[in-house]
Amino acid sequence: MKYVFVDMDGTIAEWGYPDGRITGEYKFGDYIGKQPINDVIAEIYNMYANSQDHTIFIVSASPNTKATIEKNAWLNKFFIIPYENRIFISQGENKIDIIHTFNYIDTYYT
């Protein structure tokens, strides 16, 4: 089995926040209001969604539980993936450290 790890922010969801901020403290609506990057989502689905040899995972940083709830709602709307394939890390954790815990991988990660 090969694993495909996909970041959310700036990869399948627009970078920044709907109110125009690029950075800043999380506030309600910051994630659920992001637009999907449909071309990237379509390409990931085309390459891997029906593959018996690949499993897609989301690996995304999330500042708190409320943000994770919003990110899950966003995924439910724009990038349907099982909950067990969603990995949310805290701001201080490193995504690469999480990815390296898997047995080795193909990646679609930015």
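## Ile-37 and the basis of the model

Ile-37 has a relative accessible area of 28% and is therefore partly exposed, where buried means under 20% relative accessible area, exposed over 50%, and partly exposed in between (1.4 Å probe, protein chains only). The residue lies in the loop between strand 1 and helix 1; helices (H or I, at least four residues) and strands (E, at least two) are DSSP runs, numbered from the N terminus. Leaving aside neighbours within four places in sequence, Ile-37 is in contact (heavy atoms within 4.5 Å) with Gly-10, Thr-11, Ile-12, Ala-13 and Glu-14. Ile-37 and Gly-10 are 27 residues apart along the chain, and their C-alpha atoms are separated by 8.2 Å.

The model is predicted: local features need pLDDT of at least 70, side-chain atom pairs count only at pLDDT 80 or more, and totals for chains, interfaces and linings use all residues. Residues are numbered from 1 along each chain as its sequence is written, and side-chain values use heavy atoms, with hydrogens and water left out.

## Other residues of the loop

Pro-36 also lies in the loop between strand 1 and helix 1. Its relative accessibility is 14%, so Pro-36 counts as buried. Leaving aside neighbours within four places in sequence, Pro-36 is in contact with Ile-12, Ala-13, Ile-41, Trp-74 and Phe-78. From Pro-36 to Ala-67 the C-alpha to C-alpha distance is 17 Å, with the two 31 residues apart in sequence.

Gly-16 is found in the loop between strand 1 and helix 1 and is buried, with a relative accessible area of 4%. Not counting residues up to four places away in sequence, Gly-16 touches Arg-21, Ile-22 and Lys-34. Gly-29 is 13 residues from Gly-16 in sequence and 12 Å from it in space, C-alpha to C-alpha.

## Paired strands

Strand 1 and strand 2 pair in the parallel sense over five bridges; pairing requires that DSSP finds at least two bridges between two strands. The bridge partner of Tyr-3 in strand 2 is Thr-55, and Phe-5 stands opposite Phe-57 in strand 2.

Four of the five residues of strand 1 are buried, so this strand is largely enclosed by the rest of the structure. In strand 2, eight of its eight residues are buried. In a regular strand the side chains alternate between the two faces of the sheet. On one side of strand 2, His-54, Ile-56, Ile-58 and Ser-60 are buried, as are Thr-55, Phe-57, Val-59 and Ala-61 on the other.

## Nonpolar cores

A nonpolar core is a set of buried Ala, Val, Leu, Ile, Met, Phe, Trp, Tyr and Cys residues joined through side-chain atoms within 4.5 Å. The largest has 15 residues, and those with the most contacts inside it are Ile-12, Ile-44, Ile-56, Ile-58, Trp-74 and Phe-79. At least two residues of this core come from each of strand 1 (2-6), helix 1 (38-49), strand 2 (54-61) and helix 2 (65-78). Helix 1 supplies the largest share, four residues. Apart from this core lies another, of eight residues, among them Tyr-3, Phe-57, Val-59 and Ala-61.
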